[in-house]
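Biologist: Please show me the model, and then I will ask about it piece by piece.

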Amino acid sequence: MTTKGFLRPLTRRAMLSGTAGAATFIATSPLHSPAIAQNAPLKVGMMLPYTGTYAKLGQFIDDGFRLYVEQKGGKLGGRDIAFVQVDDESKPEAATDNMNRLVGREKADVVIGTVHSGVAMAMVKVARDTKTLLIIPNAGANDATGPACAPNIFRTSFSNWQSTYPMGKVMADAGIKNVVTITWRYTAGAEMIGAFAENFTKNGGKIVADLTVPFPEVEFQALITQIAQLKPDAVFSFFAGGGAVKFVKDYAAAGLNKTIPLYGAGFLTDGTIEAQGEAAKGIRTTLHYADNLDNPANLAFLKAFKAKTGKDGDIYAVQGYDGAALLDIGLTAVGGDFNARDKMIAAMGAAKIDSPRGPLSFNKAHNPIQNIYLREVRNGRNEMISVAQAAVDDPARGCKMT
Ligand code: BEZ
């Protein structure tokens with residue numbers, strides 16, 4: 001079922017709540033009594049973007065998480081699951097209030113969120129202060145599993161560093177010497193371009209220009225003209241969601257896809273490929289997922305996701321699905337007793353998940369260790385060309401848990 005029509009950002013004082021698979025609208029306060037009894041449903045707060053340029057990403061994470069819970073009969077670790085959700089709109093300025101309300105007034109036991117790195121860092125601060133269990137199902141902000149790491153914070157996605165560092169060597173090895181980078185001007189863009197540049201320059205490459213636009217702006221024309229004038233060997237980019245669709249189409253409309261190969265972080269073409277159509281053909285990216293991974297877990301996941309939503313699964317759906325799997329492992333280890341916090345966290349930290357993306361485990365900072373694949377858009381899919389780097393572990397710079 002879809003609940004999207006009811007969603008409002010918390011700043012507009014509206015939220016959704018309900019047990020797994022059945023949402024009900026809650027208009028005003030006070031909302032719920034705390035989920036304290038061990039047999040009471042565990043309350044999962046979904047803080048994701050359901051509107052704006054990252055709307056589809058948030059919805060797929062939500063769908064992936066709920067799919068896993070449904071496959072377990074509406075329970076994780078034997079415990080019934082209830083949901084409350086908020087549209088964070090990818091707005092960092094509203095993030096602290098939104099998270100405080102989920103944790104304080106709504107008494108969410110666990111929060112799943114979010115997509116945007118800036119929003120996620122505000123959530124991390126509240127999670128640290130209140131010791132709320134937080135599972136990040138996308139946002140790659142390096143600091144979340146770096147200086148701000150904490151026992152109660154896990155990530156089932158990637159660090160920004162991790163997703164693009166391998167591409168630096170891939171492109172240098174392909175004989176590419178001069179690159180122009182282009183991205184949105186915020187944490188994720190800066191960190192993904194930074195990690196790519198770190199490895200590209202280490203392997204002899206040169207960055208000739210770093211171009212940026214403010215998030216979530218999509219006026220790319222002036223910068224595309226600049227790229228045409230600079231004539232680099234290739235372009236490396238980070239955009240995602242609606243912005244990625246627009247950028248790839250604009251790049252092709254200017255004819256640059258015929259003369260200057262476009263590379264990027266895999267978010268450029270994941271979940272966006274259908275809308276990009278022919279314009280995406282031939283784009284090479286790195287990511288911890290590819291559409292044609294033929295491991296049994298991926299085949300089963302794609303089939304189940306399609307049956308539930310009528311859509312093709314992507315990395316965002318996988319990250320949500322694995323978020324629920326991780327919580328399931330923690331709750332199973334304690335027989336559903338959420339108060340056995342240390343034991344639950346230890347089990348989550350030691351988890352080895354047979355993910356649709358391939359083997360997934362966690363480092364001491366609670367960031368995934370996973371393969372990063374080199375993919376190319378072929379036949380309307382992100383097809384794996386090779387494993388760009390196996391079992392990539394984020395350096396977790398500044399994390400005191402390591
Ligand atoms: C981020 O803000 O961390 C992010 C957003 C979309 C895709 C990937 C990363």
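Predicted model: local features only at pLDDT ≥ 70, side-chain atom pairs only at ≥ 80, totals over all residues.

Biologist: What does the C-alpha trace of the chain span along its principal axes?
Modeller: The spans are taken along the principal axes of the chain, using its C-alpha trace. They come to about 65 × 40 × 40 Å.

Biologist: What percentage of the residues of the chain count as buried?
Modeller: A residue counts as buried when its relative accessible area is under 20%. Applied to the 402 residues of the chain, this gives 59%.

Biologist: How many helices and strands are there in the chain?
Modeller: Both kinds of element are present in the chain. The count is 11 helices and 17 strands.

Biologist: How many residues of α1 are buried?
Modeller: Helix α1 has 17 residues and reaches 24 Å from its first C-alpha to its last, close to the 24 Å expected at 1.5 Å a residue. Just after α1, Gly73 takes a positive phi of about 70°. The helix itself is mostly covered, and its buried residues number 14 of 17.

Biologist: How far apart are the end C-alpha atoms of helix α9?
Modeller: Helix α9 runs over residues 296–309, which makes 14 residues. At 1.5 Å a residue, the helix should span 20 Å. The distance in the model agrees with that, at 20 Å.

Biologist: Within what arc do the buried residues of α9 fall?
Modeller: The buried residues of α9 include Ala297, Asn298, Phe301, Ala304 and Phe305. Seen down the helix axis, they line one face, because they fall within an arc of 135°.

Biologist: Which exposed residues does α9 carry on the face turned away from its buried side?
Modeller: Exposed here means over 50% relative accessible area. On the face of α9 turned away from the buried side, the residues in that class are Pro296, Lys303 and Ala307.

Biologist: Is Val248 buried or exposed?
Modeller: Val248 lies in helix α7, residues 241–253. Leaving aside neighbours within four places in sequence, Val248 is in contact with Leu262, Leu268, Gln276, Ala279, Ala280 and Ile283. The relative accessibility of Val248 is 1%, and the cut-off is under 20%. Val248 therefore counts as buried.

Biologist: How many residues apart are Cys149 and Cys399?
Modeller: The structure holds one disulfide, and it joins Cys149 to Cys399 with an S to S distance of 2.2 Å. The pair links distant parts of the chain: Cys149 is in the loop between β7 (133–136) and β8 (153–155), and Cys399 is in the segment after β17 (381–392).

Biologist: Is the disulfide of Cys149 and Cys399 right-handed or left-handed?
Modeller: Both Cys149 and Cys399 are buried. The torsion about their S-S bond is about 85°, so the disulfide is right-handed.

Notes. Residues numbered from 1 in each chain as written. Heavy atoms only, no water. Helix = DSSP H or I, 4+ residues; strand = E, 2+ residues; numbered from the N terminus. Expected span 1.5 Å × (residues − 1). Buried < 20%, exposed > 50% of the residue type's maximum accessible area, 1.4 Å probe, protein only. Arc of directions from axis to C-beta. Contact = heavy atoms within 4.5 Å. Disulfide = S-S within 2.5 Å.
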